[in-house]
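I am opening a notebook page on this model.

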Amino acid sequence: APAMPAAGARCAGLRRRLPVLRWLPRYSLAWLQLDLMAGLTVGLTVVPQALAYAEVAGLPLQYGLYSSFMGCFVYCFLGTAKDVTLGPTAIMSLLVSSYAFHEPVYAILLTFLSGCIQLAMGLLHLGFLLDFISCPVIKGFTSAASITISFNQVKNILGLQGIPRQFFLQVYETLRRIGETRAGDAVLGLACLAVLAGLRAMKSRLPRAACMESLVARLSYLIVWTSATARNALVVLFAGLVAYSFQVMGSQPLTLTGSIPQGLPAFQLPRFSMAVPNGTIPFRSMVEDMGVGLAVVPLMGLLETVAIAKAFASQNDYRIDPNQELLALGFANVLGSFVSSYPITGSFGRTAVNAQSGVCTPAGGLVTGALVLLSLAYLTSLFYYIPKAALAAVIISAVVPMFDAGIFRTLWRVKRLDLVPLCVTFLLCFWEVQYGIVAGVLVSGILLLYSIARPPIKVSEGDVLLVQLGSSLHFPAMECLRDAVCSHALAASPPRSVVLDCCHISSIDYTVVVGLAELRQELRKHGLSLAFCSLQDPVLKVLLSADLEGFQHFPSREEA
């Protein structure tokens, strides 16, 4: 009999670590049909986006496809959210551009090391570290990234060559050379942007299919919904046909993507050194070059994945485990590095497509991954004719919604101090992404520590001074409390003894105990006493064990 509960506990632990076991035994034909439809729809979205995001990362376009299938397969077995899809994203591509120096060897090694760090964090249950990245920092970063990535693609819309990647130099050079714009690229790029915006708006205004009764109405809804959902693929296909038509006619006014190597990537260990013309860059130097990127990339990858999973889990009434998401993301990146992937994370846009397509389980990712592999095996020769302006339009259309202009007005109304980390992150990200994120986190941390060190203190005068802290008491706040108590107690006429209301204090440390003892001694020199009321049990035990001389406490404020 005792063996049964132990076996049950082992099975529960296995299901927690291998979430596929939760839904696979209940899998049905109805789920399969919906997962197939969702997987195909997401696949039509991911292929053009993968090519476009590789351009943002500064890598050859095939690396976008190399990064788009392993995450789909791994998350099917280890992921806890049915809607989430892993793959290249605009934010992660921007970070890779900053830390991989446009070198595939660096990008693949960054993927491997990021995956190892994420796995270690998952095993050590360090998912709580994300709680220290505040919403203003995230909003500042994503808004700045939206502008940076969008403007980075303006050169492809205009058909300009040789534009630097640093944002301010990029703005200057683009404006200086705007007279060199290629008319063909500009017309096609703007037309693609207009079509993508129109299809997005059309989709947002579609009525619910359930409200439609006639077959014609339902069929029309399906056609419009499919066109709007697969808009990236349709626009890229249309642009490719236009470019091919010009090629056949013997004139080519468009800048084309060019040749992409055909076939699947080799399954091999990432390289831990890189050959250069004058020698070899060793592993240690490569790690030093990546620097703070080895912290920023894993954390931002986890942040995107968990935020997306939580958003869709709350809409669909299921829970996710941040540490399990860490493990899934870590495994996806480690295994992805074996197939030449650059770092991946959860994609909000493709996850939304997945959810809207009615996906039932993470098995939809298997279909998406298979579609990417088929594209690599058989379709790369066709990608030659995709105009760069069309891919630029896909990127701009994907990242523009990330800019949240309303957050500035919202924070001004809610808490103006939160504008400080928001603006610091937003502005510094235009200089270097890592500086913006690190500076924003530091500013948020300083504001948090300041609120801990300077808690609100309410002093009520009567026969004794009743001092109440508006929040918990930590050691940085001890000096502030001491100054407030002494200034009020000694300035009163006549000087009054003090009762400290501890109803909001749930725990104290040794430094606080020492500070309270010193405060009591200082009051005693002036013939005053210090008593405590409304002590919670953990605090009372600590104060009793400290054996404070003359310690007095009252169960409630009234008795004091």
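**Enclosed space**

I looked up the largest cavity and found that helix 5 (70-78) and helix 17 (364-379) each supply at least two residues of its lining. Helix 5 gives the most, with four residues. Helices here are DSSP runs of H or I with at least four residues, strands are E runs of at least two, and both are numbered from the N terminus.

Before going on, I noted the ground rules. This is a predicted model, where local features need pLDDT of at least 70, side-chain atom pairs count only at pLDDT 80 or more, and totals for chains, interfaces and linings use all residues. Residues are numbered from 1 along each chain as its sequence is written, and side-chain values use heavy atoms, with hydrogens and water left out.

The largest cavity holds about 70 Å³ of space. I counted 15 lining residues, with Tyr75, Val84, Thr85, Pro362 and Gly365 nearest the centre. By class the lining of the largest cavity has eight nonpolar, six polar and one charged. Ala, Val, Leu, Ile, Met, Phe, Trp, Tyr, Cys and Pro count as nonpolar, Asp, Glu, Lys and Arg as charged, and the others, Gly among them, as polar. The whole structure has three cavities of 30 Å³ or more.

My search ran on a 1 Å grid over the protein atoms alone: a cavity is a set of points where a 1.4 Å probe fits but cannot get out, a pocket is an open set with protein on both sides within 12 Å along at least five of seven lines, and lining residues have an atom within 4 Å of a point. Points are joined across faces, edges and corners, and a volume is the space filled by probe spheres set on them.

How buried is helix 5? Seven of its nine residues are buried, so helix 5 is largely enclosed by the rest of the structure. Met70, Cys72 and Tyr75 are among them. Buried means under 20% relative accessible area, exposed over 50%, partly exposed in between (1.4 Å probe, protein chains only).

**The largest pocket**

The volume of the largest pocket is about 1,100 Å³. Of its 41 lining residues, Ser347, Phe348, Gly349, Ala398 and Met402 are the closest to the centre. Elements that give two or more residues include helix 3, helix 10 (183-204) and helix 16 (348-356). Helix 14 has the largest share of this lining, eight residues. I get 20 nonpolar, 14 polar and seven charged residues for the lining of the largest pocket.

**Rings**

I count 17 aromatic pairs. One of these is Tyr27 with Trp31, edge-to-face, at 5.9 Å centre to centre and 75° between the planes. Rings of Phe, Tyr and Trp (its six-membered ring) pair if their centres lie within 6.5 Å; planes under 30 degrees apart are stacked, over 60 edge-to-face, the rest tilted. Tyr27 is partly exposed at 25%. Trp31 is also partly exposed, at 22%.

**Thr345**

Thr345 sits in strand 4 (residues 345-346). With 0% relative accessibility, Thr345 counts as buried. A polar atom of the Thr345 side chain lies 2.5 Å from the backbone oxygen of Gly301.

**Pro25**

I placed Pro25 in the loop between helix 2 (20-23) and helix 3 (29-57). Is Pro25 buried or exposed? Pro25 counts as exposed, at 67% relative accessibility.

Technical notes:
Polar contact = N/O pair within 3.5 Å; in protein donor to acceptor, adjacent residues only side chain to side chain.
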